[in-house]
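Let's take a walk through this chain together, from its overall shape down to single residues. Have a look at the picture first, then read on.

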Amino acid sequence: MSNQRKILHDDRNGLDYVLVGDYYLPMIGLPEETRPIGYCGMLRKEYLKKHKSGMYSYFLLTGKLDNYLADLNEQAQERYELIEAQMRSVEGVTEALKARNPMGWVRQCNNIRNRVQEIVLSELVYV
């Protein structure tokens, strides 16, 4: 056994294999995602684990999970900002209201934020 090589290269598939115990295992590196997964990405990950295990396994085994979750988080953030701006405009939540009635402005902003969060979660995370 001492004359066996620890690493082998297979020209047919281009992979390197390392000897672990009695078996050669492929040396596969997964791509690293540098963008944050974020709050919506983490919620989506948990939802996939519980309700869409096949999809979760596919993303995990192909090394695409973190990229998928980071993309979803960015989409959710963009959608959140767009809907929030539209609701503020339609409902008259402006700087003038903030100066005139600060507590009313805070109340309306919180109300909008909660509704927007529900919309984004139902459209992108829990589907």
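The radius of gyration used here is taken over C-alpha atoms, and the globule rule to compare it with is 2.2 Å times the number of residues to the power 0.38. Keep in mind that this is a predicted model. For 127 residues, a compact globule would come out near 14 Å, but this chain has a radius of gyration of 24 Å. The C-alpha trace spans about 85 × 25 × 25 Å along its principal axes. How much of the chain counts as buried? Of the 127 residues, 27% do. As for contacts between residues at least 6 apart in sequence, 53% of them join residues at least 24 apart.

**The parts list**

The chain has five helices and three strands. If you read along the sequence, the pattern is β-β-β-α-α-α-α-α.

**The sheet**

Start with the strands. In general, strands of a sheet pair through backbone hydrogen bonds, either parallel or antiparallel. Here three strands make an open sheet in the order E1-E2-E3, with antiparallel pairing. Strand E1 (7-10) and strand E3 (23-26) sit at the edges, each pairing on one side only. From one strand to the next, the twist averages 35°.

Strand E2 (residues 15-20) is joined to E1 by four bridges, and four bridges also join E2 to E3. You can follow some of the pairs by eye: His 9 has Asp 16 in E2 as its bridge partner, and Leu 8 has Tyr 17 in E2. Tyr 17 also stands opposite Pro 26 in E3.

| Hairpin | Residues between the strands | Glycine in the turn | Phi |
|---|---|---|---|
| E1 and E2 | four residues | Gly 14 | positive, about 75° |
| E2 and E3 | two residues | Gly 21 | positive, about 65° |

**Helix H5**

Now jump to the other end of the pattern. Helix H5 (residues 102-125) has 24 residues and reaches 33 Å from its first C-alpha to its last, close to the 34 Å expected at 1.5 Å a residue. An α-helix has 3.6 residues a turn, so residues three or four places apart point the same way.

In soluble globular proteins, nonpolar side chains tend to be buried together. In this model, the largest nonpolar core has 16 residues, and Cys 40, Val 116 and Val 120 have the most contacts inside it. H3 and H5 are the elements that give two or more residues to this core. Which of them gives the most? That's H5, with eight residues.

Zoom in on Val 120 for a moment. Leaving aside residues up to four places away in sequence, Val 120 touches Ala 76, Arg 79, Tyr 80 and Val 125.

There is also a second, separate core of six residues, and Ile 37, Leu 48, Phe 59 and Leu 65 are among them.

Terms used: Residues numbered from 1 in each chain as written. Predicted model: local features only at pLDDT ≥ 70, side-chain atom pairs only at ≥ 80, totals over all residues. Heavy atoms only, no water. Pairing = 2+ DSSP bridges. Axes fitted to C-alpha atoms, helices over the stretch in contact; angles between N-to-C directions. Expected span 1.5 Å × (residues − 1). Core = buried A, V, L, I, M, F, W, Y, C linked by side-chain atoms within 4.5 Å. Buried < 20%, exposed > 50% of the residue type's maximum accessible area, 1.4 Å probe, protein only. Contact = heavy atoms within 4.5 Å.
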